[in-house]
Amino acid sequence: MSKHRVSRRQFLNYTLTGVGGFMAAGMLMPMVRFAVDPVLKGEDAGDFIATPLKIADITNEPQKVNFSFTQKDAWYESEETGTAWVFKNEGGEIVALSPVCKHLGCVVDWNTDKKNPNMFFCPCHYGLYEKDGMNVKGTPPLAPLDVYPTKEKDGFLYVGKAEPRKGA
Amino acid sequence: MRWVAADVEMYQKAAEYVDTAIVPLLPVSFGDDMKQNASMAEFIGILTTQLEKQFKGRIFLFPDFVYIKGHEASIKALKEWENTLLDKQFKHVFYVTSDSSWRQQEKELTGNLLWLPSLSLEHMQEQQKVSIVEDQVKQLLSLFTEKWQED
Ligand code: FES
């Protein structure tokens, strides 16, 4: 047994400082981490994802390509599937469009509306886009489809993060 | 749209465009069919998530309606749900379930019952799983677009 008795006041002092310190650390740590993280993480942009589409197989007709990537969202890490509509434009350049409708986010399809052939069509509120992704005035979408930056590697198509463009 | 804050915010700004509600109906039990009910829930979960992704701008996927299997009060509770949804301008209400007991009660509901025999995805290969689900989703998608065209 220790001869040194801890008084009630001392005891409270110790425990409170202890708990308080612990709590402060708990609050501060994430803040510090937030501040420092971007520096530690390094360059993350410019990540290109491989698609199963061969460059040689890209035609003038838009085709749907699925690709998968992992997405981290706080608690979850999930395997997501992305989609792109890929074709060669008149200039022979490769174009990869995001299928997400700029109105409210449904998935658009190519050439499925009989009344509007050779256009991207959104089944939700009948939004229309030209082949190059430009939104058709008078239909709900107010902006053109986002565009993926593309890259070629070992004969296959790689896509980056889809970027918005200015509307019609 | 889903029952998450970001989607609800979007919904509140564009409610007039979102006229279709989906409510998954999931039974819970503790008997022999416990595992079967769990795999139902998995299957319906995957399916409705895919549906929502395709039709995000027009469909609202509500949280699951969960009930004790065989409990008679479920239909009453579901009707309350239904009335609320219809009140809130949802023109189309769809229930997605693998529980066949709802088929006898379909007449009492205004919404459409989509009854899908449950597939156990447990022992399937990744590739097979994906193609089966994609197939089912495709069928459901055309069912929705047809309904919308009737408007
Ligand atoms: S979400 Fe595409 S037109 Fe509304």
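Me: In this predicted model, what makes the meeting of B:Lys53 and A:Glu80 a salt bridge?

Reply: The side chains of B:Lys53 and A:Glu80 approach to 3.7 Å, taken from N to O, and the criterion asks for a side-chain nitrogen of Lys or Arg within 4 Å of a carboxyl oxygen of Asp or Glu, so the pair qualifies as a salt bridge.

Me: How many salt bridges are counted between chain A and chain B, and which classes of residue make up the side of chain A that touches chain B?

Reply: The count between the two chains is 1 salt bridge. As for the classes, the side of chain A that touches chain B has 6 nonpolar, 3 polar and 1 charged residues.

Me: How many residues are in contact across the two chains, and what area is buried between them?

Reply: On chain A there are 10 residues in contact with 13 residues of chain B, and the area buried between the chains is about 980 Å², with carbon and sulfur atoms giving 58% of that area.

Me: Why is B:Ser29 called buried?

Reply: The relative accessibility of B:Ser29 is 12%, and the term buried applies under 20%, so B:Ser29 counts as buried. Its place is in the loop between strand 1 (20-28) and helix 2 (34-54) of chain B.

Me: How do you know that the side chain of B:Ser29 makes a polar contact with that of B:Asp33, and what joins B:Ser29 to B:Asn37?

Reply: The distance between the side chains of B:Ser29 and B:Asp33 is 2.9 Å, and the cut-off for N or O atoms, one able to donate a hydrogen and the other to accept it, is 3.5 Å, so the value falls within the limit. The side chains of B:Ser29 and B:Asn37 are likewise joined by a polar contact, of 2.6 Å. Leaving aside neighbours within four places in sequence, B:Ser29 is in contact with B:Met34, B:Asn37 and B:Lys69.

Me: Is B:Ala21 buried or exposed, and why?

Reply: B:Ala21, which is placed in strand 1 of chain B, has a relative accessible area of 0%; buried means under 20%, so B:Ala21 is buried.

Me: Which residues does B:Ala21 touch, not counting those up to four places away in sequence?

Reply: B:Ala21 touches B:Phe60, B:Phe62, B:Leu85, B:Phe90, B:His92, B:Val93 and B:Phe94. Separately, B:Ala21 and B:Leu86 are 65 residues apart in sequence, while their C-alpha atoms are 9.2 Å apart in space.

Terms used:
Residues numbered from 1 in each chain as written. Chains lettered and ligands numbered in written order. Predicted model: local features only at pLDDT ≥ 70, side-chain atom pairs only at ≥ 80, totals over all residues. Heavy atoms only, no water. Contact = heavy atoms within 4.5 Å. Buried area = accessible area lost by both parts, 1.4 Å probe. Nonpolar A, V, L, I, M, F, W, Y, C, P; charged D, E, K, R; others polar. Helix = DSSP H or I, 4+ residues; strand = E, 2+ residues; numbered from the N terminus. Buried < 20%, exposed > 50% of the residue type's maximum accessible area, 1.4 Å probe, protein only.
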